[in-house]
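Me: I would like to learn how to read packing features from a set of coordinates. Could we start with a pair of helices?

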Amino acid sequence: MKALIFDVDGTIADTERDGHRVAFNRAFAQAGLNIEWDVPKYGQMLKIAGGKERIRAQLMGTDPNRSPESIDARVKELHALKTALFMEIVENGDLPIRPGIARLVREAHDTGLTLAVASTSNEKSVHSVLKHLLGDEAHGWFAAILAGDVVKHKKPDPEIYHLTAKRLGVVPADCMVVEDSRNGLLAAKAAGMRCIVTVNGYTKDEDLSEADLVIDTLGD
């Protein structure tokens, strides 16, 4: 193994339920929309990869007669607001890092493994999570941080993992991925990488049979 690649949401921190979900709801409220995703509803929305894609699906379901151009403009506006609100949550220290992540990142760095992040979340959000939860020094240890719209196709498509391997200059077989969900697992395996899945409340009942290892925590 030459590279250790991390997903972010649900993997480095439990960002989904008390982070992204809350930020989405605050954005909807501030925009005057009568939309609220409770915990079960957001679990369903997570089956759609990407925040913009979730907003688009919600708006199309709420008002299917809106023009595609109108939908696209609204999605862009809402996602920008949601990102700003999510970053406030992170910067306020309301999202603790998952157990074992800081230890694993430090040990991987100390043993000379190349570190990277491959996430479909907004790039600003990803950097904010890494800096606030791991610190500026550890943030600098990552040789590549790929996020947001850097690829056209979201997980479970393997595009982001193919691009990560290319950026790192390694072959996929020499990479280990840490993910939290079936979509991420399928993306990693389709790219030819090994994958550890650390489940959370939203993903613990998913089919993860393709994983090399499934655990509930990495442990400190």
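Reply: Two packed helices are described by the angle between their axes and the distance between the axes. In this predicted model, the axes of α3 and α4 approach within 9 Å and cross at roughly 130°.

Me: How are α3 and α4 oriented to each other, given that angle?

Reply: Angles over 145 degrees count as roughly antiparallel and 65 to 115 as roughly perpendicular, with the rest oblique once the roughly parallel range is set aside. A crossing at roughly 130° therefore makes α3 and α4 oblique to each other.

Me: What is the handedness of the crossing of α3 and α4?

Reply: The crossing of these two helices, α3 and α4, is right-handed.

Me: Which residues of α3 and α4 meet?

Reply: From α3 the residues are G51, K52, I55, R56, L59 and M60, and they meet I71, D72, R74, V75, L78 and H79 of α4.

Me: Which residues of α3 are buried?

Reply: The cut-off for buried is under 20% relative accessible area. In α3, G51, R54, I55, Q58 and L59 are buried. Viewed down the axis of α3, the buried residues fall within an arc of 130°, so they line one face of the helix.

Me: What do the buried residues of α3 pack against?

Reply: They pack against α1 (15-30), α2 (39-45) and α4 (68-91).

Me: Now a single residue. Is H139 buried or exposed?

Reply: H139 has 14% relative accessibility, so this residue counts as buried. H139 lies in helix α7, residues 136-139. With neighbours within four places in sequence left aside, H139 is in contact with H127, L130, K131 and I145.

Me: And A138, is that residue buried or exposed?

Reply: A138 is also placed in helix α7. Its relative accessibility is 7%, so A138 counts as buried. A138 and L115 are 23 residues apart in sequence, and their C-alpha atoms are 9.9 Å apart in space.

Me: Which residues does the cis peptide bond join?

Reply: Omega is the angle to read here. The bond between K155 and P156 is cis, with omega about 20°. P156 sits in the loop between β3 (142-146) and α8 (159-168).

Key. Residues numbered from 1 in each chain as written. Predicted model: local features only at pLDDT ≥ 70, side-chain atom pairs only at ≥ 80, totals over all residues. Heavy atoms only, no water. Helix = DSSP H or I, 4+ residues; strand = E, 2+ residues; numbered from the N terminus. Buried < 20%, exposed > 50% of the residue type's maximum accessible area, 1.4 Å probe, protein only. Contact = heavy atoms within 4.5 Å. Arc of directions from axis to C-beta. Axes fitted to C-alpha atoms, helices over the stretch in contact; angles between N-to-C directions. Parallel < 35°, antiparallel > 145°, perpendicular 65-115°, else oblique. Left-handed = near helix turned anticlockwise from the far one by under 90°.
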